[in-house]
Amino acid sequence: MMANRNRSHATKVAAVATMIVMGCYVIGIVILNLSVANRLTTEVDARLSVRLAGANLLTLPVQTAGQTGSSHSPDRGSDIDDAPSFVWRVTASGVATALSKGAPALPSRSWSAAPTTITIGSTQFRFRAVKLGPDWLVAGQSVAVIRRVQTVLWAPELIFGGALLVAVF
């Protein structure tokens, strides 16, 4: 009888300890996922800022289909894995003109210098804009990779969480 009570008490202690450890694990995973998403978004914002700083309405380079050579291009930056970035000129009346080859249609909206995320079709884009006289120069890049990275992280997090649950209990 005493042995059953001791086992019952030990089981309760193990269950509480497991819940505490798993609670800390979940908090850690949430912080990790938010940090990864924030870092990737910050990197996109930095690339867009560089793209806007280098853009010149008269000499903005446009990559042609036959262009080859270095992996560095104005649309992709220095990393071949980067999603292409696009630039548009938006007049004061709201008419958008693509300055980058292959740029999707820019949604009609009012622009500000603050970075913003907007869905075009089924893809989320991150945009950054700078005022250029009466017009706006807008740079945008797909942020679909951020959602993909978050999705890829969930499987190992769940597997490790299950292993941790078994190991702690």
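Colleague: Is the crossing of α1 and α2 left-handed or right-handed?
Modeller: The crossing of α1 and α2 is right-handed, a term for the near helix being turned clockwise from the far one by less than a right angle. This is a predicted model, in which local features need pLDDT of at least 70 and side-chain atom pairs pLDDT 80 or more, while totals for chains, interfaces and linings use all residues. Residues are numbered from 1 along each chain, and side-chain values use heavy atoms, without hydrogens or water.

Colleague: At what angle do the α1 and α2 axes cross?
Modeller: Roughly 165°, with the axes of α1 (residues 2-54) and α2 (residues 144-168) coming within 11 Å. That makes α1 roughly antiparallel to α2 (angles over 145 degrees, between N-to-C directions of 0 to 180 degrees).

Colleague: What lies between them in the element order?
Modeller: The order from the N terminus is α-β-β-β-β-β-α, with helices being DSSP runs of at least four residues and strands of at least two.

Colleague: Changing topic, which residues form the largest nonpolar core?
Modeller: Twelve residues form the largest nonpolar core, among them Phe 86, Trp 88, Leu 106, Trp 111 and Trp 136. Such a core joins buried residues (under 20% relative accessible area, 1.4 Å probe) through side-chain atoms within 4.5 Å. Elements giving two or more residues to this core are β1, β3, β4 and β5.

Colleague: And what does Leu 106 touch?
Modeller: Leaving aside residues up to four places away in sequence, Leu 106 touches Trp 88, Val 90, Ala 96, Trp 111, Phe 127 and Val 138, by heavy atoms within 4.5 Å.

Methods:
Angles under 35 degrees count as roughly parallel, over 145 as roughly antiparallel, 65 to 115 as roughly perpendicular and the rest as oblique. Buried means under 20% relative accessible area, exposed over 50%, partly exposed in between (1.4 Å probe, protein chains only).
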